[in-house]
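Hi everyone, thanks for coming.

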Amino acid sequence: MKIKNVTHDKNRISFNIKDVDVPMLNALRRTVVSEIPVMAIESITYTTNTSIMGDELLSHRIGLVPLKTDQKMFNNIADCTCKGKGCGKCTVKLTLKADGPKTVYSGELTPADGETSPVFDTIPLIKLTQSQHLDFEATAQLGIGKDHAKWQAGVAAYEEKDDGSYDVFIESYGQLPLKNLIESAFNTFQSKIEQLKEELK
Ligand SMILES: [Zn+2]
């Protein structure tokens, strides 16, 4: 396997790779897109929502806001000691309170742990007019892109070149640093291979 022409910035990397099988590249691509656990808002309890948008639609919109994720801080809720009820080891609360007239942005979501904050502060969530108010508590948990797009950690693609090599592109959506995303993809891929080996035994 030969890797060359590596270029990267904070969230993206591209490189050319030779002497590698397509199924392996495709497994890497699928792992990045659908198997890396990141935090996203799963439920919202509204104290007040007099905006033009109903609770369900607004919750869907807020759920898509990417959140900075420390994978070591949280258990997968299904595997947690709370047995899926939700506790401080597998969930984090985020609150928001706003009074119109104003545009409410993602940066106004305040995480209780001070860490699981939005990747971008400038995503508009809702526009409130005079006399409209918003007050809610949201609960975020780990999940994977295979279950819902809001938990997608990034994107990966590859293109075959004429000389039998492949150009590969990987981008993190920002929940995880690019290095952690790639490490997590290889670790996840490796553990799936180990799991398959055990099942074959
Ligand atoms: Zn728990």
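**A quick tour, starting from a loop**

Let's start with Ser131, which sits in the loop between β7 (124–128) and β8 (133–143). Before I go on, keep in mind that this is a predicted model. So, what is phi of Ser131 like? It's near 80 degrees, which is a positive value in a residue other than glycine. And is Ser131 buried or exposed? Ser131 has 9 other C-beta atoms within 10 Å, and 12 or fewer counts as exposed, so Ser131 is exposed.

Asn5 isn't a glycine either, yet it has a positive phi of about 55 degrees. You'll find Asn5 in strand β1, which covers residues 2–8. Asn5 counts as exposed because it has 10 C-beta neighbours inside 10 Å.

While we're on backbone details, have a look at the step from Gly100 to Pro101. That peptide bond is cis, with omega near 5 degrees. Where is Pro101? In the loop between β4 (91–99) and β5 (102–105).

Okay, on to the helices. Two packed helices are described by the angle between their axes and the distance between the axes. Take helix α1, residues 22–34, and helix α3, residues 178–200: they pack at an angle of about 115 degrees, and their axes are 9 Å apart. Since 65 to 115 degrees counts as roughly perpendicular, α1 and α3 are therefore roughly perpendicular to each other. The crossing of α1 and α3 is right-handed.

Which residues make the contact? On α1 you have Ala27, Leu28, Thr31 and Val32, and facing them on α3 are Leu181, Ala185, Thr188 and Phe189. Sort the residues of that contact of α1 with α3 by class, and you get six nonpolar, two polar and no charged.

Last, let's zoom out to the domains. The chain is divided into domain 1, made of 2–36 plus 153–196, and domain 2, which is 38–149. How far apart are the C-alpha centres of domain 1 and domain 2? They lie 29 Å apart. The two do touch: ten residues of domain 1 are in contact with eleven residues of domain 2. On the side of domain 1 that touches domain 2, there are five nonpolar residues, four polar and one charged.

That's my tour, and I'm happy to take questions.

Key
Residues numbered from 1 in each chain as written. Predicted model: local features only at pLDDT ≥ 70, side-chain atom pairs only at ≥ 80, totals over all residues. Axes fitted to C-alpha atoms, helices over the stretch in contact; angles between N-to-C directions. Helix = DSSP H or I, 4+ residues; strand = E, 2+ residues; numbered from the N terminus. Parallel < 35°, antiparallel > 145°, perpendicular 65-115°, else oblique. Left-handed = near helix turned anticlockwise from the far one by under 90°. Contact = placed C-beta atoms within 7 Å. Nonpolar A, V, L, I, M, F, W, Y, C, P; charged D, E, K, R; others polar. Domains from an automatic or database assignment. Buried ≥ 20, exposed ≤ 12 C-beta atoms within 10 Å, placed from the backbone.
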